[in-house]
Amino acid sequence: MAMLERVRQRADTFDFLHFHLDYYPFSLFARQPTPFLTTLHGRLDLPEHQPTFDTFCDAPWYDLQRAAAPLPQAN
């Protein structure tokens with residue numbers, strides 16, 4: 001979390017941010033102007049993940065596990 005905060009503090013010095021930290025960056029980086037993408041690894045169709053994807057439905061992400069059930073709220 002400390003690393004994410006340090007990146008957020010310097011976000012305006014980057015053209016683009018790319019994360020591989022599951023959905024942890026969503027809240028911090030959805031609130032700032034630097035474009036970002038999060039590559040997600042693992043199953044996204046598990047029920048416990050759905051509240052996060054519902055809350056941050058505009059957060060851009062890519063799913064490496066294409067075999068997982070598609071999420072209707074995916075961005």
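These legends describe close-up views of a predicted model.

**View 1. A salt bridge joins Glu5 and Arg8.** The closest N and O atoms of this pair are 2.7 Å apart. A salt bridge needs a side-chain nitrogen of Lys or Arg within 4 Å of a carboxyl oxygen of Asp or Glu, so the pair qualifies. Side chains of opposite charge can pair when their charged atoms come close. A search of the whole structure finds 1 salt bridge.

**View 2. Glu5 and Arg8 sit in helix H1.** The helix covers residues 2-9.

**View 3. His20 lies in a loop.** Strand S1 (17-19) comes on one side of this loop and helix H2 (26-29) on the other. Because its relative accessibility is 46%, His20 counts as partly exposed. Exposed would require over 50%.

**View 4. His20 makes polar contacts with two other histidines, His18 and His41.** The side chains of His20 and His41 are joined at 2.9 Å. The side chain of His20 also meets that of His18, at 3.5 Å.

View 5. How many residues separate His20 and Thr39 along the chain? They are 19 residues apart, yet their C-alpha atoms are separated by 5.1 Å.

Terms used. Residues are numbered from 1 along each chain as its sequence is written. This is a predicted model: local features need pLDDT of at least 70, side-chain atom pairs count only at pLDDT 80 or more; totals for chains, interfaces and linings use all residues. Side-chain values use heavy atoms; hydrogens and water are left out. Helices (H or I, at least four residues) and strands (E, at least two) are DSSP runs, numbered from the N terminus. Buried means under 20% relative accessible area, exposed over 50%, partly exposed in between (1.4 Å probe, protein chains only). A polar contact is a pair of N or O atoms within 3.5 Å; within protein, one must be able to donate a hydrogen and the other to accept it, and residues adjacent in sequence count only if both atoms are side-chain atoms.
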